[in-house]
Amino acid sequence: MNSRPTRADSEAVRNRPTLADTEAMRHRRGESVLLYITDQCPVGCAHCSVDARADSDRVADWEVFHDVVAGIVALPGLRSVAVSGGEPFAEQRALPYAIGAFADAGLETIVFTSGYWARENGSAPGWVRRLLPRISTLFLSTDGFHQGGVSNHRFVGALRAAHRAGCRIVVQELDTGDGARVAEELLSEALGPRWADEAETNVITPLRYGRGAGVFALQSRHEVGTFSACTLLGSPTVRYDGVVIPCCNEGLITGHGPSALRARTRRPEGVAQALTGFRDDPLLKVVGRLGPGAAADLPGFEALREERFENVCGGCWKAYDIAGRPGPAADSVTALGVALREGG
């Protein structure tokens with residue numbers, strides 16, 4: 001089992017969503033949704049952007065979870081479902097149920113994992129071996145923080161198991177200087193010199209959410225007018241407990257930020273209703289079409305120009321903070337909603 005895995009059907013793997021495909025679907029409204037399937041993770045990285053821990057909450061109300069999955073499957077125009085957490089593979093019952101429902105509906109399934117479930121010899125538990133072939137693209141994350149719980153040997157084992165199952169593979173590394181080189185070395189060790197035929201690397205920016213806020217230094221803050229339109233409003237999130245969020249911000253997912261950007265549902269049809277509500281939200285239309293700086297031009301939102309923000313999310317959250325107070329800002333949002341309904 002220590003030898004490189006037998007190459008899966010190469011043509012089939014090439015037809016599965018690439019990194020560019022998944023990014024494109026995230027940015028086209030209505031084509032993708034993220035299922036946040038658990039708050040739990042056994043790895044416990046010091047930089048975790050969602051503060052996931054081994055004893056964090058997980059799927060408990062199965063009626064709600066089944067409704068969440070049914071509601072996602074019923075969304076019109078949906079092409080793909082990404083599944084993250086926490087560690088999705090910590091949900092030995094919920095993850096196969098969700099992936100089975102999405103795959104049976106003809107949706108592309110994209111799962112984010114640390115690979116902790118693999119054995120160093122490249123094998124995996126039976127339930128994982130049965131599940132992997134139904135996953136279109138597997139994002140495997142590794143960096144110096146992960147290696148405390150997932151050794152390079154175990155990570156290489158996960159790469160080999162995913163390759164053997166026919167998953168398209170994307171290895172994610174933090175942008176900490178040599179991240180791309182490390183990812184390429186791990187792929188080469190697992191899959192051989194032609195790894196790039198069926199796998200990719202993705203270097204990502206460290207996030208200052210969750211425990212990451214205490215690890216990564218703030219680089220700079222910017223005036224609200226410098227931020228572009230938020231394209232990730234096309235990538236909503238549905239939590240396992242029925243909470244729906246209009247974007248994929250880790251802070252919102254874990255209960256922080258404006259409550260107006262969270263909706264709770266207990267029925268399948270509630271997922272589509274919540275997403276429609278966010279799509280028609282006048283302030284989100286401003287942020288999604290023009291950026292949060294455009295909100296500063298509305299009466300009552302002048303205070304947006306008095307602060308500097310770390311990212312577009314900070315400007316958006318501040319706009320909702322202002323809009324939530326009685327007064328001219330709330331009146332502006334109401335008037336904007338009427339104008340948008342009449343003008344499209």
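Colleague: Is Asp51 buried, partly exposed or exposed?

Modeller: This is a predicted model, so local features need pLDDT of at least 70 and side-chain atom pairs count only at pLDDT 80 or more, while totals for chains, interfaces and linings use all residues. Residues are numbered from 1 along each chain as its sequence is written, and side-chain values use heavy atoms, with hydrogens and water left out. Buried means under 20% relative accessible area, exposed over 50%, and partly exposed in between (1.4 Å probe, protein chains only). At 30% relative accessibility, Asp51 is partly exposed.

Colleague: What is phi of Asp51?

Modeller: Asp51 sits in the loop between β1 and α3 (62-73). Helices (H or I, at least four residues) and strands (E, at least two) are DSSP runs, numbered from the N terminus. Asp51 is a residue other than glycine, yet its phi is positive, near 55°.

Colleague: Which strands stand at the edges of the sheet?

Modeller: Nine strands form an open, mixed sheet in the order β6-β5-β4-β3-β2-β1-β8-β9-β10. Two strands pair if DSSP finds at least two bridges between them. Two of the strands have a single partner each, so one side of each is left without a neighbour in the sheet: β6 (199-204) and β10 (263-264).

Colleague: Which residue in β3 stands opposite Ser80?

Modeller: Strands β2 (residues 80-84) and β3 (residues 108-113) pair in the parallel sense, over four bridges. Opposite Ser80 stands Glu108.

Colleague: Which residues is Thr18 in contact with, leaving aside its neighbours within four places in sequence?

Modeller: Thr18 lies in the loop between α1 (10-14) and α2. Thr18 is buried, with a relative accessible area of 17%. Thr137 is 119 residues away in sequence but 7.4 Å away in space, C-alpha to C-alpha. With those sequence neighbours set aside, the contacts of Thr18 (heavy atoms within 4.5 Å) are Arg168 and Glu200.

Colleague: Which element gives the largest share of the lining of the second largest pocket?

Modeller: A pocket is an open set of points on a 1 Å grid over the protein atoms alone, where a 1.4 Å probe fits, with protein on both sides within 12 Å along at least five of seven lines; lining residues have an atom within 4 Å of a point. The second largest pocket has 20 lining residues, with Arg29, Gly30, Leu275, Thr276 and Arg279 nearest its centre. Two or more lining residues come from each of β1, α9 and α10 (282-289). The largest share, five residues, comes from α9.
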